[in-house]
Amino acid sequence: MNSGGIICLALGILGFIMFLISISVVGYIDDRVEQECDTEIGTIGQIIGADEGQCQDARNSKDFVKSLQLPLLGVGALFGLSGGMLIVRDY
């Protein structure tokens, strides 16, 4: 069995798992922002600076993780297909 194929397949699975985790992280951050920042009290806190920029930091973090989703999926698919093709080619 081709060890390079197994490694590529494992990296593909890891990339796909990281993509799924990033979806969960974005959902979690979005829920927290909605609960703590998008309420009347949260909005007032942002205006007077009581949140110390944490709401904006959370939004920036959510945007960053969202920007990683497509590359993670692409890399996972690329490695997964490459590994699968290498494994199948050996048989």
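## D38 and its contacts

D38 is in contact with V33, T43 and R59, leaving aside its neighbours within four places in sequence. Contact here means heavy atoms within 4.5 Å. D38 sits in the loop between α1 and α2 (40-48). Helices are DSSP runs of H or I with at least four residues, strands are runs of E with at least two, and both are numbered from the N terminus. At 48% relative accessibility, D38 counts as partly exposed. The scale runs from buried (under 20% relative accessible area) through partly exposed to exposed (over 50%), with a 1.4 Å probe and protein chains only.

D38 and D90 are 52 residues apart in sequence. In space, their C-alpha atoms are 55 Å apart.

## Basis of the model

This is a predicted model, in which local features need pLDDT of at least 70, side-chain atom pairs count only at pLDDT 80 or more, and totals for chains, interfaces and linings use all residues. Residues are numbered from 1 along each chain as its sequence is written, and side-chain values use heavy atoms, with hydrogens and water left out.

## T39 in the loop

T39 also lies in the loop between α1 and α2. T39 has 31% relative accessibility and therefore counts as partly exposed. Its C-alpha atom is separated by 48 Å from that of G83. Along the chain, T39 and G83 are 44 residues apart.

## Overall fold

The protein chain has 3 helices and 0 strands. From the N terminus on, its elements run α-α-α.

The C-alpha atoms fill a box of roughly 65 × 15 × 15 Å, taken along the principal axes. The radius of gyration of the protein chain is 20 Å, whereas a compact globule of 91 residues would have one near 12 Å. This radius is taken over C-alpha atoms, and the globule rule is 2.2 Å times the number of residues to the power 0.38. Buried residues make up 24% of the 91 residues. Among contacts with a separation of 6 or more, 84% come from residues 24 or more positions apart.

## Packing of α1 and α3

Two packed helices are described by the angle between their axes and the distance between the axes. Helix α1 covers residues 3-36 and helix α3 covers residues 54-90. They pack at an angle of about 160°, with their axes 7 Å apart. Axes are lines fitted to C-alpha atoms, for helices over the stretch in contact, and angles run from 0 to 180 degrees between N-to-C directions. The two helices are therefore roughly antiparallel to each other. Angles over 145 degrees count as roughly antiparallel, under 35 as roughly parallel, 65 to 115 as roughly perpendicular and the rest as oblique.

The crossing of α1 and α3 is left-handed. That is, the near helix is turned anticlockwise from the far one by less than a right angle. By class, the contact of α1 with α3 has 19 nonpolar, 12 polar and 4 charged residues. Ala, Val, Leu, Ile, Met, Phe, Trp, Tyr, Cys and Pro count as nonpolar, Asp, Glu, Lys and Arg as charged, and the others, Gly among them, as polar.

S22 is in helix α1. Its relative accessibility is 6%, so S22 counts as buried. Leaving aside neighbours within four places in sequence, S22 is in contact with V65, Q69 and L72.

G15 is found in helix α1. G15 is buried, with a relative accessible area of 8%. G15 touches L72 and G76, not counting residues up to four places away in sequence. The C-alpha atoms of G15 and Q54 are separated by 29 Å. These two residues are 39 residues apart along the chain.
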